Amino acid sequence: MNNNRIKMNFKIERYNLISKEENEPTEMNLTLSKYVNIEDNFMEVIESVAHKYMFNDNFNYYLEDIYHILWSEYFSDGVLEKLLKRKNVYDYDMLNTKVELLNKQFNLENKEIKIIISENKHSYFMRFFFHINSQSDKIRPHVHCKCCGLERIIDLTTLEFIEQSFISPNLSNKALNVVHLYKSELMNYWNNLIQNQEELIEFNLLI
């Protein structure tokens with residue numbers, strides 16, 4: 001057996017958006033297993049699986065009860081409900097890490113990750129922020145964008161992703177549209193950031 005890979009189990013549900021019924025009928029309901037590299041980013045694995053079963057760019061995905069699924073073996077339902085009561089169930093930042101780390105903590109191979117794919121009814125916070133480092137004055141202006149636990153970098157000059165975009169064209173387009181809309185403000189802040197070493201800013205946008 002390859003010690004660098006594990007088998008993850010998924011349950012995929014997708015809803016038929018053509019129907020006008022109040023309760024959307026399930027268009028897809030399947031379970032599957034997938035071998036993934038332990039060095040892979042957990043949320044990138046999720047995005048890759050979800051994107052494969054999206055019908056078009058009007059769809060998005062979320063992870064149903066993901067924190068309950070992960071923590072259920074450590075806490076009783078009552079305690080878990082109290083711990084998670086104030087947590088945004090669509091905030092996946094803690095999952096933006098290697099599969100290996102989460103597998104060690106939560107034994108992913110024995111869990112079933114539920115991915116719900118539906119129209120963009122579920123809102124997500126898209127965060128934009130800057131980093132200051134000693135090389136900031138030597139690199140091209142850029143802003144970091146984080147959504148659904150994934151982080152990407154957008155060039156403020158070309159308005160393109162640096163290195164890689166989100167797998168989902170929907171998320172990618174929304175991020176680029178926001179940066180395009182606020183390009184001058186973000187560029188002004190970048191220039192002040194370099195010149196004055198300003199305090200970092202972060203702004204959240206509900207999408």
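Guide: The buried residues of H1 are Phe42, Met43, Val45, Ile46, Glu47, Val49 and Ala50, where buried means under 20% relative accessible area, exposed over 50% and partly exposed in between, with a 1.4 Å probe and protein chains only. Helices (H or I, at least four residues) and strands (E, at least two) are DSSP runs numbered from the N terminus. This is a predicted model, in which local features need pLDDT of at least 70 and side-chain atom pairs count only at pLDDT 80 or more, while totals for chains, interfaces and linings use all residues. Residues are numbered from 1 along each chain as its sequence is written, and side-chain values use heavy atoms, with hydrogens and water left out.

In H4 itself, which spans residues 99–106, the buried residues are Val99, Leu102, Asn103 and Phe106. Because these residues cover an arc of only 105° around the axis, they are on the same side of H4, the arc being that of the directions from the helix axis to the C-beta atoms.

After H4 comes Asn107, whose phi is positive, near 55°, and the loop between H4 and strand S4 (112–119) also holds Lys111. Lys111 counts as buried because its relative accessibility is 9%. The side chain of Lys111 is joined to that of Glu73 by a polar contact of 2.5 Å; such a contact is a pair of N or O atoms within 3.5 Å, where within protein one must be able to donate a hydrogen and the other to accept it, and residues adjacent in sequence count only if both atoms are side-chain atoms. With its neighbours within four places in sequence left aside, Lys111 is in contact with Asn9, Ile69, Leu70, Glu73 and Phe106, and Phe106 is one of the buried residues of H4.

As for the chain as a whole, it has six helices and nine strands, and buried residues make up 41% of its 207 residues. Of the contacts with a separation of 6 or more, 66% are between residues 24 or more positions apart.

Technical notes
Contact means heavy atoms within 4.5 Å.
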